[in-house]
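Please look through the sequence and the model below, and then work through the questions that follow one at a time.

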Amino acid sequence: MTKEEFKALILEKYDIMGDNPFEEYDSTLVFRHKANRKWFALLMTISKRKLGLPSDDKIDIVNVKCPQEIIDSMWAENGIFPGYHMNRAHWLSLSLDGSLDTDTIEWLVDLSYDLTKPKIPRKKSSPCGDK
């Protein structure tokens with residue numbers, strides 16, 4: 001999946017366009033929920049070296065939030081790295097260089113979207129029970 005294909009996927013699936021809150025990084029886009037403005041994806045171009053790869057070539061990545069129960073096991077996958085510039089206990093970086101299949105990217109974006117969506121408030125139960 002390319003950077004352009006990723007942006008098209010988010011627009012088609014969630015009707016969300018990325019915004020750039022970082023003026024100094026013109027290739028960075030943040031994808032947020034409309035209701036609570038929480039990030040579910042961060043698209044950026046960085047040096048491969050920042051992911052621990054032995055190259056200064058640029059790579060497009062997307063950061064997504066991931067459930068803690070599976071995050072460590074995901075690092076073993078080709079094209080998945082600990083979240084660059086994010087809390088690595090909660091975020092992954094996905095390479096958009098063709099090393100990761102589209103289905104995996106879409107699944108992880110869906111997980112991130114669900115983890116960051118607005119919470120539905122629970123009804124407070126009455127101390128005497130509901131009648």
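Q: How far apart do the centres of the positive and negative side chains lie in the protein chain?
A: The model is a predicted one, and Lys and Arg count as positive while Asp and Glu count as negative. On that basis the protein chain has 19 positive and 21 negative side chains. The centres of these two sets lie apart by 10 Å.

Q: What pattern does the protein chain follow when it is read along the sequence?
A: The secondary structure of the protein chain comes to three helices and five strands. Read along the sequence, these elements give the pattern α-β-β-β-α-β-β-α.

Q: Is strand S5 largely enclosed by the rest of the structure or largely open, and how many of its residues are buried?
A: Strand S5 covers residues 91-95, and a residue counts as buried when its relative accessible area is under 20%. Trp91, Ser93 and Ser95 point one way from S5, whereas Leu92 and Leu94 point the other way, and all are buried. Strand S5 is therefore largely enclosed by the rest of the structure, the number of its buried residues being five of the five.

Q: In which sense do strands S3 and S5 pair, and which residue stands opposite Leu92?
A: Strand S3, which covers residues 58-65, pairs with S5 over five bridges, and the sense of this pairing is antiparallel. Opposite Leu92 in S5 stands Val64.

Q: Which residue in S5 is the bridge partner of Phe81?
A: Strand S4, made up of residues 80-82, also pairs with S5, and this antiparallel pairing runs over three bridges. In S5, the bridge partner of Phe81 is Ser93.

Q: Why does Ser55 count as buried?
A: Ser55 lies in the loop between strand S2, residues 39-47, and strand S3. A residue counts as buried when its relative accessible area is under 20%. Ser55 counts as buried because its relative accessibility is 18%.

Q: Which residue has a backbone nitrogen that the side chain of Ser55 reaches?
A: If residues up to four places away in sequence are not counted, Ser55 touches Ser47, Lys48 and Arg49. The side chain of Ser55 also reaches a backbone nitrogen at 3.0 Å, and that nitrogen belongs to Asp57.

Q: What percentage of the residues in the protein chain is buried?
A: The accessible surface of the protein chain comes to about 8300 Å², and 51% of that surface belongs to carbon and sulfur atoms. The protein chain has 131 residues, and the buried ones make up 37%.

Definitions and conventions: Residues numbered from 1 in each chain as written. Predicted model: local features only at pLDDT ≥ 70, side-chain atom pairs only at ≥ 80, totals over all residues. Heavy atoms only, no water. Buried < 20%, exposed > 50% of the residue type's maximum accessible area, 1.4 Å probe, protein only. Helix = DSSP H or I, 4+ residues; strand = E, 2+ residues; numbered from the N terminus. Pairing = 2+ DSSP bridges. Areas by Shrake-Rupley, 256 points an atom, 1.4 Å probe, with all protein chains shown as cover. Charge placed at Lys NZ, Arg CZ, Asp CG, Glu CD. Polar contact = N/O pair within 3.5 Å; in protein donor to acceptor, adjacent residues only side chain to side chain. Contact = heavy atoms within 4.5 Å.
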